[in-house]
Amino acid sequence: MAREQFQSLSEQMYYILLALWDEQCGADISRRADELSQGRIRIGPGTLYTLLGRFQEQGMIRETESAGRKRYYVITEKGKGMVYTEYTRLRTLIRDGAPYLEAEDAEGQEEQNGQRRGLGKQDLAARTGGLGDENEK
């Protein structure tokens, strides 16, 4: 069975759609996505225009104006629904992971961090087939 396109959104997709809450042209979309992500997401023209075309085909955005080579787009209700679905999905992931990832006190956090940082000597030896044991003698 084929996977539904845009079942979940990449960060680039998410920020492009957020940027299109207001009508924008391509260069403005890239700048706005950069601002919204506080500089974490940089979208090159190839990626941007590929995604804009796919979003347009799926009815998630629509072209509002074309002035020479400059085209303007805005998000549709369907696109807003996709952003909301992704937002809800991410909140659910955070909620489900919170009991495992949030420490109840500082001591518990320190213990968890220590466990995440390294393996015990026996675990390491088992995983590496004994490699590196020569330094342990």
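Two strands count as paired if DSSP finds at least two bridges between them. With that in hand, here are some close-up views of this predicted model.

**View 1. Three strands make an open sheet in the order β1-β3-β2**. Helices (H or I, at least four residues) and strands (E, at least two) are DSSP runs, numbered from the N terminus. The pairing in this sheet is antiparallel. At its edges lie β1 (24-25) and β2 (61-67), each of which pairs on one side only. Between β2 and β3, which run antiparallel, there are six bridges. Look for Glu-63 here: its bridge partner in β3 is Tyr-73.

**View 2. The largest nonpolar core has 22 residues**. Such a core is a set of buried Ala, Val, Leu, Ile, Met, Phe, Trp, Tyr and Cys residues joined through side-chain atoms within 4.5 Å. Buried means under 20% relative accessible area, exposed over 50%, and partly exposed in between (1.4 Å probe, protein chains only). Ile-16, Leu-17, Leu-20, Ile-29, Leu-52 and Phe-55 touch the most other members. At least two residues of this core come from each of α1 (11-19), α2, α3 (45-57), β3 (70-75) and α4 (77-101). Helix α1 gives the most, with six residues.

**View 3. Ser-30 sits in helix α2, which covers residues 26-36**. Its relative accessible area is 18%, so Ser-30 is buried. Neighbours within four places in sequence aside, Ser-30 is in contact (heavy atoms within 4.5 Å) with Ile-43 and Leu-48.

**View 4. Over residues 131-137, pLDDT stays under 50**. This score is the predictor's confidence in each residue, from 0 to 100. For residues 131-137 the model has two contacts beyond four places in sequence. Where pLDDT is low, the predicted coordinates should not be read in detail. The protein chain averages a pLDDT of 82, and 70% of the residues score at least 70.

**View 5. The protein chain has six helices and three strands**. From the N terminus on, the elements run α-β-α-α-β-β-α-α-α. Of its 137 residues, 26% count as buried. Among contacts with a separation of 6 or more, 49% join residues 24 or more positions apart.

**Notes on the views.** Residues are numbered from 1 along each chain as its sequence is written, and side-chain values use heavy atoms, with hydrogens and water left out. As the model is predicted, local features need pLDDT of at least 70 and side-chain atom pairs count only at pLDDT 80 or more, while totals for chains, interfaces and linings use all residues.
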